[in-house]
Amino acid sequence: MEDFEKETDIKEKLETSLHYAVGKICTEAAEGFKVQFSKEFIATVADLAFRQAGIFAEDLEAFAKHAKRTTVTTDDVKLLVRRSKSLHDHIDKMAASSAKGKNKKKVIDEEPVIHTIDLDC
(Lines give C-alpha, C1' and ligand atoms only; values in the text may rest on other atoms or scores of the structure.)
Protein backbone atom coordinates (compact mmCIF):
# COMPACT_ATOMS: atom_id res chain seq x y z
CA MET A 1 0.00 0.00 0.00
CA GLU A 2 2.89 2.34 0.77
CA ASP A 3 4.31 1.94 -2.77
CA PHE A 4 0.94 2.94 -4.23
CA GLU A 5 0.87 6.07 -2.06
CA LYS A 6 4.42 7.00 -3.14
CA GLU A 7 3.55 6.46 -6.80
CA THR A 8 0.40 8.57 -6.44
CA ASP A 9 2.37 11.32 -4.68
CA ILE A 10 5.01 11.35 -7.43
CA LYS A 11 2.30 11.45 -10.11
CA GLU A 12 0.59 14.39 -8.40
CA LYS A 13 3.91 16.27 -8.13
CA LEU A 14 4.61 15.68 -11.82
CA GLU A 15 1.14 16.88 -12.79
CA THR A 16 1.52 19.98 -10.63
CA SER A 17 4.96 20.74 -12.07
CA LEU A 18 3.69 20.30 -15.63
CA HIS A 19 0.68 22.53 -14.93
CA TYR A 20 3.02 25.22 -13.58
CA ALA A 21 5.32 24.94 -16.63
CA VAL A 22 2.39 25.13 -19.06
CA GLY A 23 1.11 28.17 -17.19
CA LYS A 24 4.48 29.90 -17.49
CA ILE A 25 4.70 29.11 -21.23
CA CYS A 26 1.15 30.39 -21.79
CA THR A 27 1.92 33.58 -19.84
CA GLU A 28 4.99 34.25 -22.00
CA ALA A 29 3.06 33.47 -25.20
CA ALA A 30 0.17 35.67 -24.09
CA GLU A 31 2.50 38.64 -23.69
CA GLY A 32 4.09 38.05 -27.07
CA PHE A 33 0.86 37.53 -29.00
CA LYS A 34 -1.23 39.95 -26.91
CA VAL A 35 -3.85 37.31 -26.08
CA GLN A 36 -5.15 35.80 -22.86
CA PHE A 37 -5.48 32.15 -21.90
CA SER A 38 -8.12 31.03 -19.40
CA LYS A 39 -7.23 28.88 -16.42
CA GLU A 40 -9.39 26.13 -17.93
CA PHE A 41 -7.39 26.26 -21.16
CA ILE A 42 -4.08 25.99 -19.28
CA ALA A 43 -5.40 23.09 -17.19
CA THR A 44 -6.63 21.29 -20.33
CA VAL A 45 -3.31 21.70 -22.15
CA ALA A 46 -1.42 20.49 -19.07
CA ASP A 47 -3.72 17.46 -18.75
CA LEU A 48 -3.32 16.60 -22.44
CA ALA A 49 0.45 16.93 -22.20
CA PHE A 50 0.55 14.70 -19.10
CA ARG A 51 -1.59 12.02 -20.74
CA GLN A 52 0.48 12.14 -23.95
CA ALA A 53 3.70 11.82 -21.96
CA GLY A 54 2.24 8.72 -20.31
CA ILE A 55 1.40 7.21 -23.70
CA PHE A 56 4.91 8.01 -24.94
CA ALA A 57 6.43 6.38 -21.86
CA GLU A 58 4.41 3.20 -22.38
CA ASP A 59 5.34 3.08 -26.08
CA LEU A 60 9.04 3.59 -25.34
CA GLU A 61 8.94 0.86 -22.72
CA ALA A 62 7.24 -1.49 -25.20
CA PHE A 63 9.85 -0.74 -27.90
CA ALA A 64 12.71 -1.49 -25.50
CA LYS A 65 11.01 -4.65 -24.24
CA HIS A 66 10.41 -5.83 -27.82
CA ALA A 67 14.15 -5.43 -28.45
CA LYS A 68 14.80 -7.45 -25.26
CA ARG A 69 16.33 -4.47 -23.47
CA THR A 70 15.57 -2.88 -20.14
CA THR A 71 16.88 0.54 -21.19
CA VAL A 72 15.20 2.95 -23.58
CA THR A 73 17.63 4.13 -26.27
CA THR A 74 17.64 6.91 -28.85
CA ASP A 75 16.55 4.33 -31.43
CA ASP A 76 13.35 3.84 -29.42
CA VAL A 77 12.76 7.60 -29.38
CA LYS A 78 13.36 7.79 -33.13
CA LEU A 79 10.82 5.01 -33.63
CA LEU A 80 8.35 6.90 -31.45
CA VAL A 81 8.61 10.12 -33.49
CA ARG A 82 8.87 8.45 -36.91
CA ARG A 83 5.62 10.04 -38.16
CA SER A 84 6.79 13.59 -37.54
CA LYS A 85 9.60 14.37 -39.97
CA SER A 86 10.64 17.63 -38.31
CA LEU A 87 10.69 16.07 -34.84
CA HIS A 88 12.53 13.02 -36.17
CA ASP A 89 15.16 15.27 -37.79
CA HIS A 90 15.53 17.21 -34.51
CA ILE A 91 16.00 13.97 -32.53
CA ASP A 92 18.59 12.80 -35.09
CA LYS A 93 20.56 16.03 -34.63
CA MET A 94 20.38 15.75 -30.84
CA ALA A 95 21.52 12.13 -30.94
CA ALA A 96 24.40 12.99 -33.27
CA SER A 97 25.59 15.86 -31.06
CA SER A 98 25.27 13.65 -28.00
CA ALA A 99 27.35 10.95 -29.68
CA LYS A 100 30.00 13.52 -30.61
CA GLY A 101 30.11 14.70 -27.00
CA LYS A 102 30.65 11.14 -25.78
CA ASN A 103 33.43 10.59 -28.30
CA LYS A 104 35.17 13.80 -27.20
CA LYS A 105 35.07 12.68 -23.59
CA LYS A 106 36.66 9.37 -24.47
CA VAL A 107 39.47 11.08 -26.35
CA ILE A 108 40.11 13.41 -23.42
CA ASP A 109 40.14 10.46 -21.01
CA GLU A 110 42.59 8.53 -23.18
CA GLU A 111 44.99 11.42 -23.85
CA PRO A 112 45.48 13.59 -20.76
CA VAL A 113 46.00 17.27 -21.40
CA ILE A 114 48.98 18.81 -19.64
CA HIS A 115 48.82 22.52 -18.86
CA THR A 116 51.99 24.46 -18.22
CA ILE A 117 52.32 27.86 -16.66
CA ASP A 118 55.20 30.13 -17.60
CA LEU A 119 56.40 31.77 -14.37
CA ASP A 120 59.16 33.80 -16.04
CA CYS A 121 56.81 36.64 -17.03
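These are my notebook entries on a few features I looked up in a predicted model.

**Ground rules.** I number residues from 1 along each chain as its sequence is written, and I leave hydrogens and water out, since side-chain values use heavy atoms. In this predicted model, local features need pLDDT of at least 70 and side-chain atom pairs count only at pLDDT 80 or more, while totals for chains, interfaces and linings use all residues.

**Entry: aromatic pairs.** I searched the whole structure and found one aromatic pair. The ring centres of Phe37 and Phe41 are 5.0 Å apart and the planes are at 15°, so I log the pair as stacked. For the terms: rings of Phe, Tyr and Trp (its six-membered ring) pair if their centres lie within 6.5 Å, and planes under 30 degrees apart count as stacked, over 60 as edge-to-face and the rest as tilted.

**Entry: nonpolar patch.** Both Phe residues turn up again here, as Phe33, Val35, Phe37 and Phe41 make a nonpolar surface patch of about 390 Å². A patch takes residues with over 30% relative accessible area and no salt bridge; like charges are joined within 9 Å, and nonpolar side chains (Val, Leu, Ile, Met, Phe, Trp, Tyr) within 5 Å. A salt bridge is a side-chain nitrogen of Lys or Arg within 4 Å of a carboxyl oxygen of Asp or Glu. The areas come from the Shrake-Rupley method with a 1.4 Å probe, and for residues only the protein chains shown count as cover.

I then checked Phe37, which sits in the loop between H1 and H2. Phe37 has 31% relative accessibility and is therefore partly exposed; Phe41, at 37%, is also partly exposed. My cut-offs are buried under 20% relative accessible area, exposed over 50%, and partly exposed in between.

**Entry: negative patch.** I found a negative surface patch formed by Glu2, Asp3, Glu5 and Glu7. Lys and Arg count as positive and Asp and Glu as negative, with His and the chain ends not counted. I placed each charge at NZ of Lys, CZ of Arg, CG of Asp or CD of Glu. Glu7 belongs to helix H1 (residues 2-33), and its 57% relative accessibility makes Glu7 exposed. Helices (H or I, at least four residues) and strands (E, at least two) are DSSP runs, numbered from the N terminus.

**Entry: positive phi.** Lys34 is a residue other than glycine, yet its phi is positive, near 55°. I located Lys34 in the loop between H1 and H2. Lys68 also has a positive phi, near 60°, and lies in the loop between H2 and helix H3 (74-80).

Conventions. Buried < 20%, exposed > 50% of the residue type's maximum accessible area, 1.4 Å probe, protein only.
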